[in-house]
Amino acid sequence: MASLIPTTLSLHSRLTRLTLTLTQTPRPLLHFKATRAMSSESTQRAFQLRLDPLTGNSEWIVIEEQEQEQEEQISNNSQKPLLATTSYLDMLNDSPRNKAFRQAIDKTVTQPCHVIDIGAGTGLLSMMAARAMCNGDSSTTCRSSSSSSSTEGMVTACESYLPMVKLMRKVARLNGMERKIKVFNKRSDELQVGDDIPSRADILVSEILDSELLGEGLIPSLQHAHDMLLVENPQTVPYRATTYGQLVESKFLWKLHDLHNNEADTGDNIHLVPSGLDGILHVKSQQYAMHCDAIKEEIKLLSEPFKIFEFDFWKRPDSHREIELHIKATKDGIVNAVVSWWILQLDCEGTIFYSTAPGWINSAMNTSAGHWCDHWKQCVWFVPGKGMSVSKDEEVYLHAVHTETSVFYNLKTDVLRKSGFDTGDPQLILSPERIAIYGDREWRQSMFQALRNALQERVNSLCIVADDSVFLTLLVAHLSKTSHVISLFPGLRDKGAQYLQAVADANGFSMDHVEVLEKRKTCLTMHDTHQKKVDLLIGEPFYYGNEGMLPWQNLRFWKERTLLDSVLSKDVLVIPCKGLLKACAMSLPDLWKSRRCLSNIEGFDHSVVNTTLGACGELPAPEEGPCLPFYIWQCGEIKELSEIFTIMEFDFSKPIRPCYGKAQVEFTEPGICHGFALWIDWVMDSDNSIVLSTGPDKRYWKQGVKLLANPVAVGIHESRKMVEHISTVIEASFDPSNGELIVRNNFI
């Protein structure tokens, strides 16, 4: 399915420069980062980017907000693919969050006043505030915002993202709140007192937080609100946020960032990060959101939790702060990472809290302990290299810095061992998972064996690397000094070429035998291949920037192979030679609850948003919940209920074509089936002896998840002496015109 990507304005140059948000499952940046829009008296337009995952091509589409309900309904259809892949549904299913905000708003909004909601989403907080004002109004009739020019009893809802504005208005109408909330389809910094609203607001209610706390523009949004939109000394919900951290040792986390030291043990003599070029390829120095409870058995805690920064919503925040903390090590070990989280204090008295702390933190403020959600996780900051060795009771100095949107750390000890900000100028920045894959001994040995076998009987071969794999380019150049390699690098482009030049000497090959096409081409000609047919076409496959997408969207390799058909030799060897769509029935109670249909949320009916947000449940025919990408191992409670089975096969020796597959699934474990995990295993040779799996036990890849409308009890339950569903039929069809994979099941 072609995905829709919201185009947003950069925080640092928001009026002049457009930047693209390419992650697959975000909640879009709602405030200072806005969908590009045009407006007139009757229509508002937003431009969104439609990405074709099989070609990498994109096109602009226009979303219009028409006054007529019929036209609005038609427009909604084009938005479903985008809103189904955002985190709105998961957020609205977060009951502890919703309850905490409702309690704090009821406690804070006790009489008619002017309330502003920044980043209003579906309008849940706005409706809570409007209801609280009505409950606190001593008059017999609660006044609506349209009954007077005064802002007393008025809720201003600011939402920059047009598709959410459309949903908000539907939800408000459904709950009879449309006259009590004034909705603005604007960024908060575009609101003007005296123009849009008659006066400043008395109370701010807002939830513009990501897992790092600051990434959705919290600081600049609060700064502008205090400068231009709020009265002096306003009340706010939340009242305060505090970030905390803990020093940890973890081999798993180490592998996610230290490629130089991990590849030293692979034994293939390929040097992606040669000695002396440590900054040539690594992860970006930032915090990464992760469900750390999923790896708690692989984490060694090396300190007690410590407070880092405090952010008061009720006053104007600073753009930049630095702090140095002295932390005592509680055990001997190697600090590989700083795990961080935050705690919200929602009321000024300090009685209502929400926390993103990991489950091992025992605190009265950790009110959401044991509750899994995907929209907020813990964050991990990687300590560069092998980490920093510490001894019990040794003092560690943590230098923490926050900007408007991020937090950074620097560590050192009293014996001057230092680890923190990397001052290098890396030519390539890859995701932590890609770094871990490239450092994985088993994966590299499989690739090495497959390519060595392919090149044994080929002299002076012409090889095309069809994807963005710098590893395969280096591997072919290393294994065959007589081969000529053309790397397409559709995503890396010039960065890939510069990287190869930098590491060529360390890997013992000449750039005379390796080239990167300067311009991206839909099809290659014999001129591009120097009048020679291609006898080896390879890929991992890996496409730069697409790591968060569904597994089968890497079938772009098949599309690329098809477009190259005219320059392929008759006996061309394609690696991988085929892909196998694999699946497994799963019990996923936490994930299913986070994606279930919405009904009553703290007294407000949200059922109208279910189809658009891609919820699980009884959706109107023929609507079905979408397949979405997740790291299964991070999905809370999980259990496999069947053997792994194959649904269909993709044959890359032939041009791309429609595919259909069907399999009967026998349940091998009793339990509650919530859906199926799906992924692709890549077969690297014709003997099927080298297979690279991307299944749930391979933690560096995301799987596709198809959730059931309703959970189903399966297997034989001996204790109850009864038989539930013992099998089901699952079928899938692949459409090469748009890359869409349709999955259906029929329980028997």
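**Notebook: cavities, a sheet and a covered helix**

For my own record, a cavity is a set of points on a 1 Å grid over the protein atoms alone where a 1.4 Å probe fits but cannot get out. Grid points are joined across faces, edges and corners, and a volume is the space filled by probe spheres set on the points.

I am working on a predicted model, where local features need pLDDT of at least 70, side-chain atom pairs count only at pLDDT 80 or more, and totals for chains, interfaces and linings use all residues. Residues are numbered from 1 along each chain as its sequence is written, and side-chain values use heavy atoms, with hydrogens and water left out.

**The largest cavity**

I looked up its volume next: about 310 Å³. Its lining has 23 residues, and R434, P541, E547, N554 and W701 are the closest to the centre; a lining residue has an atom within 4 Å of a point. The elements that each give two or more residues to this lining are α10 (432-438) and α11 (441-455). Helices here are DSSP runs of H or I with at least four residues, strands are runs of E with at least two, and both are numbered from the N terminus. I noted that α10 supplies the largest share, three residues.

By class, I found 14 nonpolar, four polar and five charged residues in that lining. Nonpolar covers Ala, Val, Leu, Ile, Met, Phe, Trp, Tyr, Cys and Pro; charged covers Asp, Glu, Lys and Arg; the others, Gly among them, are polar.

**Cysteines**

How many disulfides does the structure hold? I found zero, taking a disulfide as a pair of cysteine sulfur atoms within 2.5 Å. I also checked burial (buried is under 20% relative accessible area, exposed over 50%, partly exposed in between, with a 1.4 Å probe and protein chains only). C158 counts as buried because its relative accessibility is 2%, and C659 is buried at 7%.

The open sheet has three strands in the order β37-β43-β44, with antiparallel pairing; two strands pair if DSSP finds at least two bridges between them. β37 and β43 (residues 727-735) share eight bridges, and Q664 stands opposite V729 in β43.

**Helix α12**

Is α12 (residues 470-479) mostly covered or mostly open? I found it mostly covered, with eight of its ten residues buried, among them F471, L474 and V476.

Key:
On a 1 Å grid over the protein atoms alone, a cavity is a set of points where a 1.4 Å probe fits but cannot get out, and a pocket is an open set with protein on both sides within 12 Å along at least five of seven lines; lining residues have an atom within 4 Å of a point.
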